[in-house]
Amino acid sequence: MSAIASRFDTLFLRFYARSKLATDPLYETVARRLRGHRHPIVDVGCGIGLMAFHLREHGFAHPITGVDHDSAKIERAKRAAYDGIRFMTGDARDATPPGSSVLLLDVLHYFDAGEQTRILGNVARAVPPGGVVIIRDAVRDASWRYRATFAAELFARGVRWIRAERLHFPARELIVGAFEGFDAEVTPLWGATPFNNYLFVFTKRG
């Protein structure tokens, strides 16, 4: 945790990295799921690169490409990057390069339902047999957790940490329905947070 945080060049980013890595169960969960995985990874919506750095610190040696539409975050990630990790500015709606496993972590809810379907379709086609797609997002339902998640996202947009055009949390059925021909696991990933997060892990058969 401290090894990753120390790579950033501002006090705020070092504090942010330590806080996220200490409190969000996503990082350990994804690292555990990818242990022994042999495909390159594309992290769509990578932000400042924390997941890529965490995977490197936990022994994932294959190439990782981080993509995000926020050029300022990409520049911060590049300044902190490890060898074998590439960062680039890009749009999640563009086709995903083939031959890689894909991470879509807290990304889908920034797009409308049609765009979500397009993104998921691109990803499903790009992943090779034996590859995985790991998605973490809050799903739209009637729970208090969903309302808390929506409020937190509105705040993040208000302070401009998240630069998103819209908020549209996906239905669970939309995500699962995009991955025919995959083995699927869906589990809650709340940890100690109030958020309505679920982890979707799809493994392509063949």
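What percentage of the 206 residues of the chain count as buried?

1. The share that counts as buried is 48%. This value, like the others in this note, is computed from a predicted model.

2. Overall dimensions. The C-alpha trace spans about 45 × 40 × 30 Å along the principal axes of the chain. A compact globule of 206 residues would have a radius of gyration near 17 Å, and the 16 Å of the chain agrees with that.

3. Secondary structure and contacts. The chain holds 8 helices and 7 strands. Taking contacts between residues at least 6 apart in sequence, 67% join residues at least 24 apart.

4. Geometry of H3 and H4. Two packed helices are described by the angle between their axes and the distance between the axes. For helix H3 (residues 26–33) and helix H4 (residues 50–57), the angle is about 55° and the axes lie 10 Å apart. The two helices are therefore oblique to each other. The crossing of H3 past H4 is right-handed.

5. Residues in the H3–H4 contact. H3 contributes Leu26, Tyr27, Glu28, Val30 and Ala31, while H4 contributes Leu50, Met51, His54 and Leu55. Sorted by class, this contact comprises 7 nonpolar, 1 polar and 1 charged residues.

6. Surroundings of H3. Leu26, Tyr27, Thr29, Val30 and Ala31 are the buried residues of this helix. Their packing partners include two helices, H2 (11–23) and H4. Strands S4 (101–105), S5 (132–138) and S7 (197–204) also pack against the buried residues of H3.

Note on methods:
Residues numbered from 1 in each chain as written. Predicted model: local features only at pLDDT ≥ 70, side-chain atom pairs only at ≥ 80, totals over all residues. Heavy atoms only, no water. Axes fitted to C-alpha atoms, helices over the stretch in contact; angles between N-to-C directions. Helix = DSSP H or I, 4+ residues; strand = E, 2+ residues; numbered from the N terminus. Parallel < 35°, antiparallel > 145°, perpendicular 65-115°, else oblique. Left-handed = near helix turned anticlockwise from the far one by under 90°. Contact = heavy atoms within 4.5 Å. Nonpolar A, V, L, I, M, F, W, Y, C, P; charged D, E, K, R; others polar. Buried < 20%, exposed > 50% of the residue type's maximum accessible area, 1.4 Å probe, protein only. Rg over C-alpha atoms; globule rule 2.2 N^0.38 Å.
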